[in-house]
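Hi,

Here is the structure I promised to pass on. Have a look at it first, and then read my notes below.

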Number of protein chains: 4
Amino acid sequence: MDEHGSRRKGRHDPEGRRRAIVAAAAGILVDGGSGELSHRRVAERAGVPLGATTYYFASLAELEEAALAELAAKLEADIAEMARLVPAEPGDPGAVTAELAAGLHAYLSDRDKVRADCALYTAATRRPALRPLALGWFEAFTRILRRYTDERTAQAIAMFCDGAGVHAMLHDEPVDAAFLADMITRLAAGNPR
Amino acid sequence: MDEHGSRRKGRHDPEGRRRAIVAAAAGILVDGGSGELSHRRVAERAGVPLGATTYYFASLAELEEAALAELAAKLEADIAEMARLVPAEPGDPGAVTAELAAGLHAYLSDRDKVRADCALYTAATRRPALRPLALGWFEAFTRILRRYTDERTAQAIAMFCDGAGVHAMLHDEPVDAAFLADMITRLAAGNPR
Amino acid sequence: MDEHGSRRKGRHDPEGRRRAIVAAAAGILVDGGSGELSHRRVAERAGVPLGATTYYFASLAELEEAALAELAAKLEADIAEMARLVPAEPGDPGAVTAELAAGLHAYLSDRDKVRADCALYTAATRRPALRPLALGWFEAFTRILRRYTDERTAQAIAMFCDGAGVHAMLHDEPVDAAFLADMITRLAAGNPR
Amino acid sequence: MDEHGSRRKGRHDPEGRRRAIVAAAAGILVDGGSGELSHRRVAERAGVPLGATTYYFASLAELEEAALAELAAKLEADIAEMARLVPAEPGDPGAVTAELAAGLHAYLSDRDKVRADCALYTAATRRPALRPLALGWFEAFTRILRRYTDERTAQAIAMFCDGAGVHAMLHDEPVDAAFLADMITRLAAGNPR
DNA sequence: TATGAATGAGTCTTCATTCAT
DNA sequence: GATGAATGAAGACTCATTCAT
């Protein structure tokens, strides 16, 4: 007996199938963008028959939304995990900023995450219905930065990171670590605290 | 020289036709993105016969590239024009920064320009062949900012503006002017000059 | 006998469910025609699970036939009810004809009934297996008209009413009452009685 | 050299192709009704590739409309031809009516025509956009009957014939000739002329 | 040179029916 | 008995590209 009981995968595991489809769609969005998303490709990547993709989602748009929500949730978890490694109690503010910058640089160096980021933003800029997902992710990002600074500064840093993310996508290398640390320091220097 | 030139609009004006096609394609990319680009739509929007779109461009990809190059050139001209209005002679550095911020805010408030921006970046992040176009635009933007600050700071401001542009797309309103001015000031404060 | 009977509405009422499914199917046929009939739509309209539609009927064709039979029965009841309001004892033949014409006009003015009529005929002209249903309805209609006239004339009036029904469907208004009365009178004038 | 010059049929005869597609669609509508109409079936019946059906008609609805217009035109021509055989100058009114009835009976005995008739009416009752086609055919029919009687009576006869047409479709045999002649006579007897 | 005809692949979506539970 | 999962076929429609003219 395995941990899931007698029904593991295959025919009768609706939840698992649904997840597999969403994961496949998310992967396609990250790899190729909205333009590459099609029922056929999702089905093939998820290893399910074509009909399954339309059975679980009323339309491709709905599937795309689910996939982006998944992406947003994963990004939020990742950034939270990143933040967990940075001590939140500032003895020396400068040291904290440096560590935060290092964390963000590590994050921006993970190409998969940056690609997911871009996929989320790109989709949202095209389809207003998806805006809440992108805005939600931005807010989650800001919320985490709030552990280290005020709201205004947190937003500025998040916005700057978004720009940096775009540039990481346009180069094979992410933004230089020292540059990033410098600019985050500059932005945080205006912190009234 | 005849004011009508040797090439009138209409039947025999290959150059004009080509431009009309490129402009139509650029408009479609800005309005709807790569996914909306098709020979038929371009032909209709440009008011040329279907065959013309394949006659002047070997493939849709080639046409898209030409359209994005057009977009990049126009964006560069726009930002240069914007900068022309900001006095380049820094008597009081703070005043200059404030004026620069105002100029950038005006730019980010022009939805058409921001949409063109996003179209360019989106295409470039998806197709490596188009990267030089987006990077060229970023460099042009940075070059203009260099009139006011050092290279490093110019890049940071440009990067921040890219992030701000994305957020302008996600909201109906662009980023707050005071916020933008504040953050540009913070970034410029690290200017060693 | 309990007033709720042994079969309540809800979980265990096979007969009620069957009726609900048939009624839903009939409604779809009237509203949109054969082309709109599908298990999914029937299930949704009837408020039963998808599986129920295939559980009670071996195929969609069988369900359609049941729905049309229901429609024919209802039409027959309606026309009988209409006739019940017209005095069957001919003192003055002309008066009876006028009242009959008024009754038929009222019937043809009820869009739902005319639509049901057309649905029945349309289905029957396309699928020979359904002919008996349409012919049965025509005979029932004729039988009722026989209260007022001979067989031959009754058939002629019924036939004329079928034509009038089609025209009621093609206009937003039914056929003019005076016109209808006039023509029924003309047809009945040949009555040898 | 044939009468059409060097391009006869096959690849470059757009008009001929269009006609072939419309004819195939009309045939399908007559044989099976709207429900049977599909691009695939039309293409196969017309002997053209699938893409041709969508190339010549923007949508299936547009193709259906063209096919029904074709049907209506043909019906009108047929009924006009029928009327041409009946002398329009009434020496003996009764004789004319008899000949007209004979003509109409012949018309109603041609199963193909009756089926086309029904196809036209059926489609029009379902889709308001097609109403003008069916009404146009009815008016054309009435106009021809006007050669023999007044407007009111012409409409009544046409309406009666529509009902008779429906019944011809529900039986393998058309309506009895004597019955038809009798009823047309009764309807015409009210003619105030 | 210029263009409209041409078409097969591929798009999303709906669905009847089967079947395991 | 009852039902939701499952799926392959078929639906309408779009289109990049080729090609004859």
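The surface near DNA strand F has 14 nonpolar, 15 polar and 5 charged residues. Keep in mind while you look that this is a predicted model.

DNA strand E is surrounded by 36 residues, and the closest are T54(A), P49(B), G51(B), S38(C) and G51(D). By class, the surface near DNA strand E splits into 15 nonpolar, 15 polar and 6 charged residues. At least two residues of this surface come from each of α2 (39-46) and α3 (50-56) in chain A, α3 (50-56) in chain B, α2 (39-46) and α3 (50-56) in chain C, and α1 (14-32) and α3 (50-56) in chain D.

Next, how the chains touch each other. Chains A and B put 28 residues each into their contact. On the chain B side, the elements giving two or more residues are α6 (111-126), α7 (131-145), α8 (151-170) and α9 (177-189). Which of them gives the most? That would be α8(B), with 10 residues. Sorted by class, this side of chain B comes to 15 nonpolar, 8 polar and 5 charged residues.

How do you get chain B onto chain A? Rotate by 180° with 0.2 Å of shift along the axis, and the two superpose with an RMSD of 0.2 Å. That is how a two-fold axis relates two copies. To find the axis in chain B, go to G163(B): its C-alpha is the nearest one, 2.0 Å away. Also, 100% of the interface residues of chain B are interface residues in chain A too, so the copies meet through the same surface.

Then there's the contact between chains C and D, with 28 residues from chain D and 28 from chain C. On the chain D side, two or more residues come from each of α6 (111-126), α7 (131-145), α8 (151-170) and α9 (177-189). Here α8(D) gives the most, with 10 residues, and the side as a whole divides into 15 nonpolar, 8 polar and 5 charged.

Conventions
Residues numbered from 1 in each chain as written. Chains lettered and ligands numbered in written order. Predicted model: local features only at pLDDT ≥ 70, side-chain atom pairs only at ≥ 80, totals over all residues. Contact = placed C-beta atoms within 7 Å. Helix = DSSP H or I, 4+ residues; strand = E, 2+ residues; numbered from the N terminus. Nonpolar A, V, L, I, M, F, W, Y, C, P; charged D, E, K, R; others polar. Least-squares fit on C-alpha atoms with pLDDT ≥ 70 in both. Near = placed C-beta within 6 Å.
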